[in-house]
Amino acid sequence: MPCVNPDGTLTDSARALLRLLGNPAAPEEIARRLDRPLFSVRASLRELVGADLVRAEGGEFVVTERGQSRL
Amino acid sequence: MPEATEIHSLPRLGSPAPQFEAVTTQGTLKLEDFRGTWLVMFSHPADFTPVCTTEFVGFAQIHSKLRELNCELMGLSIDSVYSHIAWIRNIEEKLNQKITFPVIADLDRKVASLYGMIMPGESKTETSRCVFIIDDKQVLRAMIYYPLTTGRNMDEILRVIQALQTSDKHGVATPANWRPGDKVIVPPANTQELAEQRTKDAAVECKDWYFCMKELK
């Protein structure tokens, strides 16, 4: 799902994902915990990494300080 | 000066599905995002048209069954994402059917061209009714091409996926009109020794050494 609205605000699905990533998690676990399809989680993570709201650590992802500040 | 001939290529079965990135009703998606699940990617000629509407309802109705088969669903037409959204909302309002899968807005025809979805003899501006079945390793496994006039059969799309997954799991082939639970075809013997063994194998039923079937347990 898209993470950033045209006006720059975060979507509800993005907020849910950022809240979950207070601890590192792999895409498969994120998909399971949020009950979202894996393809959708991957696309969202790509967008959030591009916006520096999430960073990749090995095969897992975790919220950045910038991402934390947007919550 | 000879006229230039435009070549329209199709993707190949058994080869990696062409990769792409596309704007969809569920954000920008890459084919790579679907790795690990099967994918039914289908095209339709145009939003707000009747045959396509019946197909969208049909695809939505099999979406949960597809997910039970570890298979996702994605549509495509050469319409804008705004047209897609309006049409999806119209389907939900008028036909009480929620559309749960993403739909590619392929305005620049990039994906349509990669996958040979446009049949100039039918339309130079709309995709035909194409279905691409891509496995969890992103290999293209089956293609179905239907004309603009004829809506597709959802049961057949489900059946093909079930057949392919059965073949992958058990190393068998499936006969005409196969349904889950039916007997499957044992790969034909490719040596004289195996041909002889096959005719004596009580676990399989053979019409002849090359034509043997069995039940899956």
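# A quick tour of chains A and B

Chain B exposes about 11,700 Å², and carbon and sulfur atoms supply 52% of that area. Keep in mind that you're looking at a predicted model.

**Chain B overall**

- If you go through the secondary structure of chain B, you'll find five helices and ten strands.
- Along the principal axes, the C-alpha atoms of chain B fill a box of roughly 65 × 55 × 30 Å.
- Chain B has 217 residues, and 46% of them count as buried.
- Take the contacts in chain B with a separation of 6 or more: 66% of them come from residues 24 or more positions apart.
- As for charge, chain B carries 24 positive and 28 negative side chains, and the centres of these two sets lie 3 Å apart.

**Aromatic rings**

- Over all chains, the count comes to eleven aromatic pairs.
- One of them is B:Tyr115 with B:Phe132, an edge-to-face pair with 5.0 Å from centre to centre and 70° between the planes.
- That pair links distant parts of the chain: B:Tyr115 sits in the loop between helix 3 (110–114) and strand 6 (129–134) of chain B, while B:Phe132 is in strand 6 of chain B, 17 residues apart.
- B:Tyr210 and B:Phe211 make a tilted pair, with 6.3 Å between centres and 35° between the planes.
- Here B:Tyr210 is partly exposed, at a relative accessible area of 48%, and B:Phe211 is partly exposed at 33%.
- There's also a cluster: ring pairs link B:Phe42, B:Phe56, B:Phe59, B:Trp87 and B:Phe101.

**Helix 2 of chain A**

- Which residues are buried in helix 2 (residues 27–34) of chain A? They include A:Pro27, A:Ile30 and A:Ala31.
- These three cover an arc of only 100° around the axis, so they end up on the same side of helix 2 of chain A.
- The general idea is handy to remember: an α-helix has 3.6 residues a turn, so residues three or four places apart point the same way.
- What covers the buried residues of helix 2 of chain A? The cover includes helix 1 (12–20), helix 3 (38–50) and strand 2 (60–63) of chain A.

Technical notes. Residues are numbered from 1 along each chain as its sequence is written. Chains are lettered from A and ligands numbered from 1 in the order in which they are written. This is a predicted model: local features need pLDDT of at least 70, side-chain atom pairs count only at pLDDT 80 or more; totals for chains, interfaces and linings use all residues. Side-chain values use heavy atoms; hydrogens and water are left out. Buried means under 20% relative accessible area, exposed over 50%, partly exposed in between (1.4 Å probe, protein chains only). Helices (H or I, at least four residues) and strands (E, at least two) are DSSP runs, numbered from the N terminus. The arc is that of the directions from the helix axis to the C-beta atoms. Contact means heavy atoms within 4.5 Å. Accessible areas come from the Shrake-Rupley method with a 1.4 Å probe; for residues, only the protein chains shown count as cover. Lys and Arg count as positive and Asp and Glu as negative; His and the chain ends are not counted. The place of a charge is taken as NZ of Lys, CZ of Arg, CG of Asp or CD of Glu. Rings of Phe, Tyr and Trp (its six-membered ring) pair if their centres lie within 6.5 Å; planes under 30 degrees apart count as stacked, over 60 as edge-to-face and the rest as tilted.
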